[in-house]
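Student: Could we go through how the labels for this structure are decided? I want each value set against its cut-off.
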Amino acid sequence: MTSPTTTTDLADAATPAAGPRLACRGLAGGRGSSAVFRDVDLTVGAGEVLALLGPNGAGKSTLLLTLAGLLRAHSGDIAVDGEPLRPGRATAANRAGIVLVPDNRALFTSLTVEENLRVAAARSGPKPRSMLETFPDLEKRWRVPAGALSGGEQQMLALARALVQRPRVLLVDELSMGLAPLIVESLFAAISRIASGHGCAVVIVEQHVGLALKAADHAAVLNRGRIVLRDRAAELAAHPDRLEGAYLGTPPQPDHTPEQA
Ligand SMILES: Nc1ncnc2c1ncn2[C@@H]1O[C@H](COP(=O)(O)OP(=O)(O)OP(=O)(O)O)[C@@H](O)[C@H]1O
């Protein structure tokens with residue numbers, strides 16, 4: 001058996017820069033030449049979780065794909081620990097430490113849990129079995145093909161597969177899609193542990209607003225391709241009227257100036 005790896009081993013060896021771990025400024029992007037989002041400024045620190053919220057079709061997934069280099073930004077900059085990324089290069093983004101868990105999880109369904117993790121593991125990164133510290137439920141499914149796992153187990157595996165790549169920035173699209181509420185709660189708890197224990201900046205796109213705000217430090221609402229509200233998650237959880245206004249496209253009140261997330 002491989003020797004267990006501690007959470008400290010999993011944390012990125014590189015000391016986080018004084019600035020944000022992930023930053024984008026004036027980012028605009030879309031599908032091909034058609035614009036989906038614009039003027040997006042976001043920062044996420046090491047160990048922080050940002051919930052990216054908003055109505056269907058607002059552009060959240062497109063923004064994540066752009067941050068991951070899978071779509072080319074139309075304009076603006078993305079930086080990890082202050083290092084600018086070359087636009088539209090998924091390999092460069094991944095090398096810089098950006099890892100995306102897409103909404104379809106994109107697992108190799110005929111490979112076992114162990115094999116999915118082995119295929120993804122970074123050479124100098126954590127060992128696949130060390131993922132059992134964060135996701136102990138995967139132990140009994142270790143040699144089961146990913147396609148035979150429950151939805152919750154598949155999402156755990158998708159997160160574990162991201163973690164063996166030693167992310168500095170973890171992007172998670174629709175964590176809760178198709179999952180039972182209890183499982184979703186445990187996955188959100190895992191997200192909080194991942195951010196604090198592994199020191200990565202986490203961005204989660206989520207429809208389950210209440211749970212997302214509980215797990216997040218900050219939240220931003222994207223509506224029709226623009227960030228219309230940004231504040232501490234606890235502040236927004238305490239003022240659902242502000243969130244409703246942002247979803248409906250109502251302009252923020254003067255005493256509710258968005259705080260930089
Ligand atoms: N593969 C695609 N090709 C072309 N346009 C797309 C594609 N996927 C999404 N779009 C369009 O891009 C816009 C933004 O979609 P996106 O999926 O980013 O929004 P979203 O906020 O993630 O919404 P949802 O929560 O419904 O996934 C929408 O107008 C959508 O129709």
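Tutor: Start with burial. A residue is buried if 20 or more other C-beta atoms lie within 10 Å of its own, exposed if 12 or fewer, and partly exposed in between, with C-beta atoms placed from the backbone. Helices (H or I, at least four residues) and strands (E, at least two) are DSSP runs, numbered from the N terminus. This is a predicted model: local features need pLDDT of at least 70, side-chain atom pairs count only at pLDDT 80 or more, and totals for chains, interfaces and linings use all residues. Residues are numbered from 1 along each chain as its sequence is written.

Student: Which residues of α6 are buried?

Tutor: They are V184, L187, F188, A190, I191, I194, A195 and H198.

Student: How do you know that the buried residues of α6 line one face?

Tutor: Seen down the axis of α6, they fall within an arc of 155°, so they line one face of the helix. The arc is that of the directions from the helix axis to the C-beta atoms. An α-helix has 3.6 residues a turn, so residues three or four places apart point the same way.

Student: What comes just after α6?

Tutor: G199, with a positive phi of about 70°.

Student: Why is R166 called buried?

Tutor: R166 has 22 C-beta neighbours inside 10 Å, so it counts as buried. R166 lies in the loop between α5 (151–163) and β7 (169–173). Its phi is positive, about 55°, although R166 is not a glycine.

Student: What makes A106 exposed?

Tutor: A106 has 11 other C-beta atoms within 10 Å, so it is exposed. A106 sits in the loop between β6 (98–101) and α4 (113–120).
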